[in-house]
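Please keep the sequence and the structure in view while reading.

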Amino acid sequence: MLADPETTTGGLTAAEAAARSAVVSVRAYQVSLDLTELLETDAFDSRTVIEFEYDGVGGPGMTWVDLVAGHVASVVLDGTLLDPEEVVRGNRIRIGPLGGRHRLEVVARQRTDVPGRGLSRTVDNQDVYVWTQFQPFDARRVFACFDQPDLKATFAFTVRAPLEWSCVSNRLESSVIEDGDAAIWTFPPTVPLPTYATAVCAGPFHVVRSAGMALYARRSLAAPLERNAAELFALSRRGLELFEETFGLAYDGDSYDHVFLPDQAGAMENHGCVTWNDQVIYRSEPTAEQRRRRALVLLHEMAHMWFGNLVTPRWWDGLWLSESFADWAAVWASAELGVLDSRWSVAMALEKERAADADQLSSTHPVSRSVPDLAAAEANFDAITYAKGACMLRQLVDQVGEDAFLTGLREYFRLHAGGNGSLAALLAALQPFAAIDLAAWSREWLESSGINTLSLETTSEDGRYTSAVLVQSNPPRRHKVSIGDHLVEFTGTQTDVPALVGTPTADLLLLDAADTTYALLRPDDVHALVKTAPTLTDLVARTVARRTVRGLLRDGALSAADAVEYVARSLVTENDVTHLKALTTLGAEAVGPAHSESLERRLAGACLEALEVAKGDHWLVLVDALADFADELPLLDSLLADDLPQTIRWRLITRRVALGLADDTAAELARDHDPDARWYAAAARAAAPTPEAKSAALDLMLTAPGVPVAALRTFGQAFWQPRQSAVLAEFPMRFLDRLPGFGEQAGWPAAQRVALYAFPTVGITDAFLARALDLDVPLLLRRALSDQAEQAARRRVGSLS
């Protein structure tokens with residue numbers, strides 16, 4: 001009998017997967033789903049036919065298929081009916097004896113009982129929508145399968161759904177036939193795909209079509225979907241054309257559709273059927289920053305059609321081969337398409353910040369590392385795999401040259417299209433076009449963890465430098481660093497910079513001014529950085545300066561007051577809207593732990609000064625920032641009198657509630673016709689400075705199903721108000737008391753999201769941090785709590801500096 005490792009390993013180990021793929025190859029799936037009962041219940045039926053081959057050594061063998069089902073009705077292997085009582089073991093179906101080609105048929109009854117895993121069911125205004133999310137190991141919750149990434153096959157779906165529903169999958173439907181009060185949708189076989197990249201979505205969607213593409217959203221979002229459609233279609237077409245030309249292979253689908261859903265946790269690269277959280281269907285005119293973020297997500301998911309779907313990692317230790325590349329490709333393509341204009345540097349700087357934050361945590365790991373099981377794989381969907389990996393690829397491009405890099409990628413796709421890739425395969429494809437030893441580079445940057453600190457130490461006399469030394473923390477790596485007009489390449493723990501000796505002392509020697517490496521940066525003169533950085537004329541240098549200031553603040557090497565002064569001076573001179581947004585975010589980060597009203601007022605004053613000349617998106621960014629910094633009712637009232645995007649209006653309303661100045665939540669809710677406006681109103685109520693409001697909000701957040709993921713970050717920020725430390729004193733511990741029970745009710749991924757997006761930021765004590773690290777919960781949530789506790793401890797250090 002096969003052991004069921006579900007409770008200890010997350011369902012599948014790397015060793016098991018390797019052993020199974022050594023003897024099994026899969027040709028095709030035919031999956032039939034009956035979704036008609038989902039109008040009223042959470043139950044559905046599946047019938048799966050799998051054509052596969054078994055090539056074991058030493059005679060007939062056995063293997064298993066994965067399936068999570070409430071009831072397995074029948075299992076038929078090559079025409080022979082097997083007894084489910086005998087062959088079903090937990091979430092596996094044992095099959096054998098095997099040898100050569102086989103046909104397996106499994107009929108099962110299943111449920112949508114774990115939101116965001118397998119098949120999910122969402123109700124909006126009594127409309128029911130269902131959608132799939134399979135990565136990394138949840139196709140088995142919808143149909144019987146060999147649920148691992150290297151066993152790719154073709155998939156042909158047939159779906160029986162209520163008559164008024166639309167249905168979308170990885171291919172265009174080949175037929176839709178009425179069957180009483182239902183319709184049967186038939187989809188032709190896909191190209192070879194991993195199980196996790198397949199999808200089925202169904203419901204009474206509003207659909208907007210354009211040749212070869214379609215957009216799907218719930219009917220309550222029909223009007224905003226129509227308004228957003230032209231921009232989404234245009235960017236999708238331009239993105240596909242760019243990637244096809246760049247990667248040397250055409251997109252291999254017959255349609256490219258986007259499905260927008262209220263409960264999708266983020267976005268998912270299902271082949272030809274990308275699912276998103278529908279918050280990106282903007283209900284009012286989007287700002288430049290919103291457009292930038294949406295474009296990056298769209299291009300990230302599109303890049304997966306090549307990185308992940310066309311060439312798939314063999315196992316989840318190769319997750320970075322999909323996600324790092326998709327993150328890099330999204331930023332690169334955004335710059336190529338003019339979405340970012342000159343802001344390529346700002347976008348990559350933000351990636352470096354995410355990566356550096358994660359790389360300083362105890363949970364850090366190499367970009368490319370072994371992943372023993374699915375529990376570890378789920379924890380690997382983090383900023384190291386995404387952001388740091390993308391930064392490493394940008395660095396590699398700088399090392400080998402963009403033309404050489406892209407030539408190597410085309411060779412990688414040519415060699416492995418339709419199959420599986422690996423780090424070794426990637427390096428082998430790139431090496432002929434690179435002048436550096438890529439294996440050595442990989443060992444240094446991809447296969448080791450942590451981030452170096454680079455420090456510049458200078459001495460001077462009579463207005464000229466007498467010495468300049470560049471120092472890096474262990475373990476040393478090869479860096480290419482710009483200092484002023486000088487480029488320094490070094491590998492050891494320190495190196496002299498003779499080019500600086502004898503030159504006049506500068507107002508500011510900005511370390512890594514051209515943004516050519518990945519490191520924490522420590523300048524020779526912190527006060528010169530604060531004073532001079534806002535006057536820098538080069539955007540790249542300004543982004544490096546801001547990243548340096550933020551790193552110093554988080555390490556306690558720069559006071560909150562100095563960081564705020566830097567931000568305030570920068571706000572009145574910054575002419576790049578994306579960097580302006582990053583500056584206001586840094587200001588809020590500096591003020592938050594310090595709980596300083598005087599610092600908030602300094603930033604509010606700077607915003608008001610900048611508003612005198614600001615226009616368009618610059619003006620909106622500054623008004624949005626005042627929702628964090630303003631504390632006078634007349635000012636907030638005057639801002640609300642302007643024509644503002646609804647999301648900014650809700651932030652200003654929330655600020656008024658948090659300060660106890662006014663509560664216009666009910667009136668604003670009546671004004672806002674967004675079907676999700678009630679959650680913005682709930683966030684505003686959560687900001688109220690009373691124990692009763694906080695208790696009600698905590699109940700809402702930690703009672704299943706909880707706050708929708710799209711509103712969770714907003715809700716958490718509204719709840720944990722910096723000026724409410726007395727009211728909130730008991731709530732961090734209450735948060736931890738409730739979180740495990742919420743995880744058991746709503747699912748551990750939902751609890752993980754609460755830990756990531758709504759972790760306490762006020763009332764942090766040593767006892768709370770110790771408790772957060774000691775909760776007996778699954779790895780997915782334990783890792784999130786550990787990371788957040790470490791981040792909170794660092795913020796406390798920064799606030800005391």
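**Buried loop residues and backbone geometry**

Asp512 counts as buried, at 0% relative accessibility; buried here means under 20% relative accessible area, exposed means over 50%, and partly exposed lies in between (1.4 Å probe, protein chains only). The model is a predicted one, in which local features need pLDDT of at least 70 and side-chain atom pairs count only at pLDDT 80 or more, while totals for chains, interfaces and linings use all residues. Residues are numbered from 1 along each chain as its sequence is written, and side-chain values use heavy atoms, with hydrogens and water left out.

Asp512 is located in the loop between strand 27 (494-496) and strand 28 (520-522); helices (H or I, at least four residues) and strands (E, at least two) are DSSP runs numbered from the N terminus. Although Asp512 is not a glycine, its phi is positive, at about 60°. Asp515, found in the loop between strand 27 and strand 28, also has a positive phi of about 60° without being a glycine. With 8% relative accessibility, Asp515 counts as buried.

Two cis peptide bonds may be considered next. One joins Gln135 and Pro136, with omega of about 0°, and Pro136 is in the loop between strand 10 and strand 11 (154-162). A cis bond also joins Ala704 and Pro705, with omega of about 5°; Pro705 belongs to the loop between helix 23 (691-701) and helix 24 (709-719).

The chain is divided into domain 1 (1-200), domain 2 (205-287), domain 3 (311-446) and domain 4 (691-800), the bounds coming from an automatic or database domain assignment. Taken over C-alpha atoms, the centres of domain 1 and domain 2 are separated by 26 Å. In the interface of these domains, 21 residues of domain 1 are in contact with 22 residues of domain 2, contact meaning heavy atoms within 4.5 Å. The area buried between domain 1 and domain 2 is about 2,100 Å², and carbon and sulfur atoms give 54% of it; buried area is the accessible area (1.4 Å probe) that two parts lose on being put together, summed over both. Of the area that domain 1 buries against domain 2, Tyr129, Trp131 and Val168 supply 28%, more than any other three residues.

Four salt bridges are found across the interface of domain 1 and domain 2, a salt bridge being a side-chain nitrogen of Lys or Arg within 4 Å of a carboxyl oxygen of Asp or Glu. The side chains of Arg218 and Asp124 also meet in a salt bridge, at 3.1 Å from N to O. On the side of domain 1 that touches domain 2, the elements giving two or more residues are strand 9 (118-124), strand 10 (127-133) and strand 12 (166-169). Strand 10 provides the largest share of that side, four residues.

By the salt-bridge rule, the count comes to 62. Arg20 is buried, with a relative accessible area of 1%, and Asp66 counts as buried at 1% relative accessibility.

Asp359 forms a salt bridge with Lys388, again with closest N and O atoms 2.8 Å apart. Because Asp359 lies in helix 7 (residues 344-359) and Lys388 in helix 9, the pair ties together parts that are 29 residues apart in sequence. Both Asp359 and Lys388 are buried.

Helix 11 (residues 423-430) has six of its eight residues buried, so it is largely enclosed by the rest of the structure. These buried residues are Leu423, Ala425, Leu426, Leu427, Ala429 and Leu430, and they pack against helix 6 (319-336), helix 9 (384-400), helix 10 (402-416) and helix 12 (438-445).
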